[in-house]
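Please consult the sequence and coordinates shown here.

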Amino acid sequence: MRLVVPHDQRRPHPEPAPTNDALAFGVGLIGWAIALAIVLGMLALGTLPDDPRVLSTIAVGLALGGLGLLVSRRRAR
């Protein structure tokens, strides 16, 4: 068994698999929007403690997902 293969004997790198990044970010954004709706409903009913970390986590998730969606759509062009 050889641990090092000379460069001229190596196989070429495979092509990257095609992916739909915009779809992945869109599904993630829908998940964050559902989480926001649930948390806002719990806040209205008074069953969730008034903890700012919950809403800030959802806000960061929505912001990063939106940014990722914009970047992925721009790269697809």
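**Burial, contacts and surface**

Of the 77 residues of the chain, 10% count as buried. The model is predicted: local features need pLDDT of at least 70, side-chain atom pairs count only at pLDDT 80 or more, and totals for chains, interfaces and linings use all residues. Residues are numbered from 1 along each chain as its sequence is written, and side-chain values use heavy atoms, with hydrogens and water left out.

Q: Why is Ser 72 called buried?
A: Buried means under 20% relative accessible area, exposed over 50%, and partly exposed in between (1.4 Å probe, protein chains only). Ser 72 has 10% relative accessibility, and therefore counts as buried.

Q: What does Ser 72 touch, leaving out residues up to four places away in sequence?
A: Ser 72, which lies in helix H2 (residues 52-76), touches Asp 21, Ala 22 and Phe 25. Contact here means heavy atoms within 4.5 Å.

Q: What does the side chain of Ser 72 reach, and at what distance?
A: The side chain reaches the backbone oxygen of Leu 69 at 3.0 Å. A polar contact is a pair of N or O atoms within 3.5 Å; within protein, one must be able to donate a hydrogen and the other to accept it, and residues adjacent in sequence count only if both atoms are side-chain atoms.

Q: Why does Leu 69 count as buried?
A: Its relative accessibility is 17%, so Leu 69 falls in the buried class. Leu 69 is in helix H2 and touches Ala 22, Phe 25, Gly 26 and Leu 29, not counting residues up to four places away in sequence. The C-alpha atoms of Leu 69 and Gly 28 are 9.8 Å apart in space, although 41 residues separate them in sequence.

Q: Why is Gly 68 placed in the buried class?
A: With a relative accessible area of 11%, Gly 68 is buried. Gly 68 is found in helix H2, and its C-alpha atom is separated by 9.9 Å from that of Leu 29, 39 residues away along the chain.

Q: Why is Ile 30 called exposed?
A: The relative accessible area of Ile 30 is 53%, so this residue is exposed. Ile 30 has its place in helix H1 (residues 21-45).

Q: Which residues make the nonpolar surface patch?
A: Ile 30, Ile 34, Ile 38 and Met 42 make a nonpolar patch of about 360 Å². Patches are made of residues with over 30% relative accessible area and no salt bridge: like charges are joined within 9 Å, nonpolar side chains (Val, Leu, Ile, Met, Phe, Trp, Tyr) within 5 Å. A salt bridge is a side-chain nitrogen of Lys or Arg within 4 Å of a carboxyl oxygen of Asp or Glu.

Q: How many helices and strands does the chain have?
A: The chain has two helices and zero strands. Helices (H or I, at least four residues) and strands (E, at least two) are DSSP runs, numbered from the N terminus.

Terms used
Areas by Shrake-Rupley, 256 points an atom, 1.4 Å probe, with all protein chains shown as cover.
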